[in-house]
Amino acid sequence: MKKKRVVIALGGNALGKNYEEQKEAVAKTAKVIVDLVQQDMEIIITHGNGPQVGMIQNAMDQLACTSEDYKETPLPTCVAMSQGYIGIDLQNAIKYELYSREMDVKVSTILSQVEVDKEDEAFRSPTKPIGRFLTKEEAEKNEENGIPCMEDAGRGYRIVVASPMPKRIRELQTIKTLVDAGHIVITCGGGGIPVVNDGGKLSGVSAVIDKDNVSSLLAAELDADYLIILTAVEKVAVNFGKENQRWLSDLTVDEAREYIAQDQFAKGSMLPKIEAAIRFAESAEGRHTLITLLDKAADGIAGKTGTVIHK
Ligand SMILES: Nc1ncnc2c1ncn2[C@@H]1O[C@H](COP(=O)(O)OP(=O)(O)O)[C@@H](O)[C@H]1O
Ligand SMILES: NC(=O)OP(=O)(O)O
């Protein structure tokens with residue numbers, strides 16, 4: 001029987017907020033991933049980088065203040081650093097989990113660049129939260145210094161950067177080759193390194209692509225059966241956080257569009273997940289997206305929990 005091909009997008013909870021937490025989180029994440037491999041699935045992993053890329057950029061900025069030898073590091077370079085910083089820990093945790101279960105499966109992390117349109121209107125209207133949560137006062141101070149900040153889904157304030165739509169994954173052929181050869185592939189970390197293509201010359205641009213958006217593109221390009229978005233909620237809700245909150249188990253793209261029109265999903269958090277799910281569902285027949293918690297991935301695939309978005 002043909003194996004099911006699954007793109008898994010890992011959210012912040014699967015990665016932790018700092019180096020120590022990351023080590024612990026990826027060990028737990030690896031168990032979930034290897035469970036799915038044991039259920040005969042081909043797994044491609046993408047991951048977020050919001051907290052990490054903000055932390056890296058902040059560290060590099062502080063370094064640039066200490067000596068003229070150090071210069072500001074462009075945001076796309078910080079994204080590249082975050083791919084390495086997270087990818088290597090994920091790769092090693094998965095390799096160790098495979099080794100513990102005496103499974104011989106290769107794991108590869110592919111640095112990936114993703115083309116965006118330099119005219120994307122996201123460059124004029126930043127919405128992607130990065131870095132740590134800030135107090136209102138810290139956010140106001142940033143704004144005074146020309147650093148845009150936004151309230152993030154009721155959890156505090158964060159710096160926001162442009163998040164253009166991904167158009168083309170440059171390393172797609174390499175990723176395909178490795179998946180076809182049976183590797184677990186970690187790629188498009190942090191949404192991919194955002195680049196524009198000027199007559200064949202790729203140049204980094206100051207942005208952070210949404211990992212759910214790139215995951216949807218990757219899943220469609222790899223002809224995946226499922227896109228699984230693992231995040232901090234077991235299900236998607238309407239009236240989220242309100243007294244009349246209602247969890248959703250099943251959502252058609254038409255219903256999803258209706259709820260988007262009602263503003264049910266927060267920008268920069270749940271909205272890109274739903275939009276990514278709609279695009280994947282509409283890219284071909286039979287494509288489903290599951291949104292759930294890391295711990296519930298297997299139950300979600302078995303149809304016991306999570307929110308499934310389909311045509
Ligand atoms: N309608 C909604 N239903 C469920 N969660 C929502 C909704 N709107 C906003 N959220 C928030 O979106 C969060 C997931 O987005 P985010 O934290 O950006 O994901 P991740 O970092 O895991 O990719 C949830 O933890 C929840 O706080
Ligand atoms: N790049 C990205 O989407 O990161 P988060 O999932 O951490 O927001």
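Predicted model: local features only at pLDDT ≥ 70, side-chain atom pairs only at ≥ 80, totals over all residues.
## Starting from Leu 230

Setting aside residues within four places of it in sequence, Leu 230 is in contact with two stretches and one further residue: Ile 8, Ala 9, Leu 10 and Gly 11, then Thr 292, Leu 293, Leu 294 and Ala 297, and also Ala 14.

Leu 230 belongs to the largest nonpolar core, a set of 85 residues, where it joins Val 7, Ile 228 and Ala 277 in touching the most other members. The biggest contribution to this core comes from helix α3 (residues 75-100), which supplies eleven residues. As a general point, nonpolar side chains in soluble globular proteins tend to be buried together.

## The chain as a whole

Stepping back, the chain holds nine helices and 17 strands. Its radius of gyration is 19 Å, close to the 19 Å given by the globule rule for 311 residues, so the chain is as compact as a globular protein of that length. The C-alpha trace spans about 60 × 45 × 40 Å along its principal axes.

Buried residues make up 45% of the 311 in the chain. Among contacts with a separation of 6 or more, 72% are between residues 24 or more positions apart.

## Helix α6 and its cover

Helix α6 (residues 211-221) is mostly covered, with nine of its eleven residues buried. Those nine are Lys 211, Asp 212, Asn 213, Val 214, Ser 215, Ser 216, Leu 217, Leu 218 and Ala 219. What lies over them? The cover includes the strands β1 (4-10), β2 (41-47), β4 (113-115), β8 (168-169) and β12 (226-231), together with helix α8 (270-283). After α6 comes Asp 223, which has a positive phi near 55°.

In general, strands of a sheet pair through backbone hydrogen bonds, either parallel or antiparallel. For β4 and β8 the sense is antiparallel, over two bridges. Here Glu 115 sits opposite Arg 168 of β8.

## Two ligand surroundings

Ligand 1 has 16 residues around it, and the ones that come nearest are Gly 11, Thr 231, Phe 240, Ser 269 and Met 270. Sorted by class, its shell has nine nonpolar and seven polar residues, with no charged ones.

Around ligand 2 are Gly 11, Gly 12, Gly 48, Asn 49, Gly 50, Gly 190, Gly 191, Val 208, Asp 210 and Lys 211. This shell divides into one nonpolar, seven polar and two charged residues.

## Thr 305 toward the end of the chain

Where does Thr 305 sit? Thr 305 lies in the loop between α9 (297-301) and β17 (307-310). Is Thr 305 buried or exposed? With 20 other C-beta atoms within 10 Å, Thr 305 is buried, because 20 or more is the cut-off for that class.

Beyond its neighbours within four places in sequence, Thr 305 is in contact with Glu 234, Thr 292, Lys 296, Asp 299 and Gly 300.

Definitions and conventions:
Residues numbered from 1 in each chain as written. Chains lettered and ligands numbered in written order. Helix = DSSP H or I, 4+ residues; strand = E, 2+ residues; numbered from the N terminus. Rg over C-alpha atoms; globule rule 2.2 N^0.38 Å. Buried ≥ 20, exposed ≤ 12 C-beta atoms within 10 Å, placed from the backbone. Contact = placed C-beta atoms within 7 Å. Near = placed C-beta within 6 Å. Nonpolar A, V, L, I, M, F, W, Y, C, P; charged D, E, K, R; others polar. Core = buried A, V, L, I, M, F, W, Y, C linked by C-beta atoms within 7 Å. Pairing = 2+ DSSP bridges.
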